[in-house]
Amino acid sequence: MPQVAIVGSGLAGFTAYQTLRRAFEPGDIAVFGTDADPAAAWRVRAAAIRQRAMRSESDGHCLPTTFPGLALRSVRRRRSLRPLLETVADRYHPTVAEFLAHVERVRERSGWDESVVRYRVDRLSAVDGGFDLDGDQFKHVLLAPGHPGLNVPEELRDDPRTVHSYEPHEYGAKVTVVGAGLAAATEWLNALAAGAEVVSVRRREPVRRPLNVPREYFSRRGLAAFHRLSPHERVERLQALSAPSYPPGSEWDEPLVRASAECRFRVEPSVNGAGQVICATGFVRGWSHDPLLAHLVADHHLATAGRWLVLDTDSTVPSLSDATRTLAVAGAPGQWAFPAADTLAGARFAAHRFLRRILACRTR
């Protein structure tokens with residue numbers, strides 16, 4: 001019988017699984033999810049926005065340790081030192097194809113498919129010495145449910161012109177892109193390259209930074225400073241970090257400058273009469289939008305702060321984790337412990353600390 005459960009078979013759960021495999025065999029881990037392909041949802045979204053390169057860098061991979069990263073593997077494959085030189089300057093970004101090939105290699109050799117149970121867990125309940133997942137019981141559970149859904153502004157939900165950027169689509173002659181983050185910036189360039197006239201509708205100007213959160217939050221020092229914040233300060237910090245952003249660089253700026261000079265790109269405050277509206281507005285956010293987490297909070301009176309679950313610094317739920325059982329959260333809902341929780345580095349962070357708690361458990 002499996003000893004440990006992961007709820008969620010996406011990339012966060014997959015990355016956490018690789019860490020757990022350092023101590024457990026595939027038969028000891030049950031992964032509950034709706035698709036055996038860990039990149040299934042991500043693959044569709046990346047294809048929809050024609051994404052060609054990852055925003056993450058060399059350590060944006062699914063293995064349990066940061067090093068060696070994808071850059072070193074690229075050196076071996078290409079027989080060129082260029083990826084390592086780019087890594088030194090934080091300029092190496094693996095292609096989508098390289099990343100997906102990496103996922104397939106890791107999937108094949110890790111025993112992942114042996115552990116996956118094709119089932120959607122609707123309810124988790126704490127019981128003596130563990131947790132009940134729709135009738136199955138485990139001492140240690142890692143929740144990695146992913147994003148709860150695509151975000152479409154209320155006023156556009158019934159508009160027949162509207163499509164979300166993460167859904168398959170082509171580009172019309174006149175396109176309005178709502179949003180200002182990486183998906184929006186990618187869609188500006190895609191639509192311009194397709195010959196469209198593009199209007200950017202945004203509530204605020206995007207932040208220009210290489211990663212989705214500043215690098216300091218991936219470091220021990222930066223994370224320790226974040227953990228020292230009071231709950232109120234932490235909510236304010238997480239709200240600030242959720243501002244839309246995309247990387248700096250001429251590859252983004254020059255096409256927009258040229259298109260602006262040609263009167264094919266402009267910024268407007270609201271949706272106009274364009275024939276097509278692309279909502280590059282990301283995902284709905286917060287525990288209340290995820291039925292599993294919402295039930296968990298209601299049933300066990302878990303602490304929350306705004307849209308965030310209040311977690312311990314090791315990504316565990318404090319009121320439901322003790323010396324005999326562990327409940328941890330990885331991926332998008334885990335930001336209270338790790339601001340970049342929805343990255344692969346964030347999934348590794350949560351998984352390592354989850355494994356540490358399991359190994360220290362008296363009755364594991």
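The model is predicted. It holds eleven aromatic pairs and 15 salt bridges. Its largest nonpolar core has 39 residues.

**Aromatic rings**
- F32 and F138 form an edge-to-face pair, with 5.9 Å between centres and 80 degrees between the planes.
- This pair links distant parts of the chain: F32 belongs to strand β2 (residues 29-33) and F138 to strand β6 (residues 136-138), 106 residues apart.
- F32 counts as buried, at 5% relative accessibility.
- F138 counts as buried too, at 6% relative accessibility.
- Ring pairs also join W188, Y246, W252 and F265 into a cluster.
- A charge meets a ring at F226: the charged end of R234 sits over that ring, 5.1 Å from its centre.

**Nonpolar cores**
- In the largest core, the residues with the most contacts inside it are L124, L133, V141, L143 and L327.
- Helix α11 (residues 291-300) gives the most to this core, with four residues.
- Another core lies apart from it and has 36 residues, including L11, A16, Y92 and F354.
- Beyond its neighbours within four places in sequence, L133 is in contact with A5, V7, F32, V121, R123, L124, F138 and V141. Both members of the F32 and F138 ring pair are thus on the contact list of L133.

- P2 lies in the segment before β1 (4-7).
- P2 is partly exposed, at 28% relative accessibility.
- Leaving aside neighbours within four places in sequence, P2 is in contact with G27, D28, I29, A30 and F138.
- The C-alpha atoms of P2 and G13 are separated by 16 Å, the two residues being eleven apart along the chain.

**Salt bridges**
- D37, R43, E104, R107 and D113 are linked in a network of salt bridges.
- Within it, E104 and R107 meet at 3.8 Å, N to O.
- E104 and R107 are separated by about one helical turn, because they are three residues apart in helix α5 (residues 96-110).
- R107 also forms a salt bridge with D113, where the closest N and O atoms are 2.8 Å apart.
- R107 is buried, at 16% relative accessibility, whereas E104 is partly exposed at 28% and D113 is partly exposed at 41%.
- R266 and E197 form another salt bridge, with the closest N and O atoms 2.9 Å apart.
- R266 lies in strand β13 (residues 265-268) and E197 in strand β10 (residues 197-201), so this bridge ties together parts 69 residues apart in sequence.
- R266 is partly exposed at 33%, and E197 is partly exposed at 24%.

How values were computed: Residues are numbered from 1 along each chain as its sequence is written. This is a predicted model: local features need pLDDT of at least 70, side-chain atom pairs count only at pLDDT 80 or more; totals for chains, interfaces and linings use all residues. Side-chain values use heavy atoms; hydrogens and water are left out. Rings of Phe, Tyr and Trp (its six-membered ring) pair if their centres lie within 6.5 Å; planes under 30 degrees apart count as stacked, over 60 as edge-to-face and the rest as tilted. Helices (H or I, at least four residues) and strands (E, at least two) are DSSP runs, numbered from the N terminus. Buried means under 20% relative accessible area, exposed over 50%, partly exposed in between (1.4 Å probe, protein chains only). A charge sits over a ring if NZ of Lys or CZ of Arg is within 6 Å of the ring centre and within 35 degrees of the ring normal. A nonpolar core is a set of buried Ala, Val, Leu, Ile, Met, Phe, Trp, Tyr and Cys residues joined through side-chain atoms within 4.5 Å. Contact means heavy atoms within 4.5 Å. A salt bridge is a side-chain nitrogen of Lys or Arg within 4 Å of a carboxyl oxygen of Asp or Glu.
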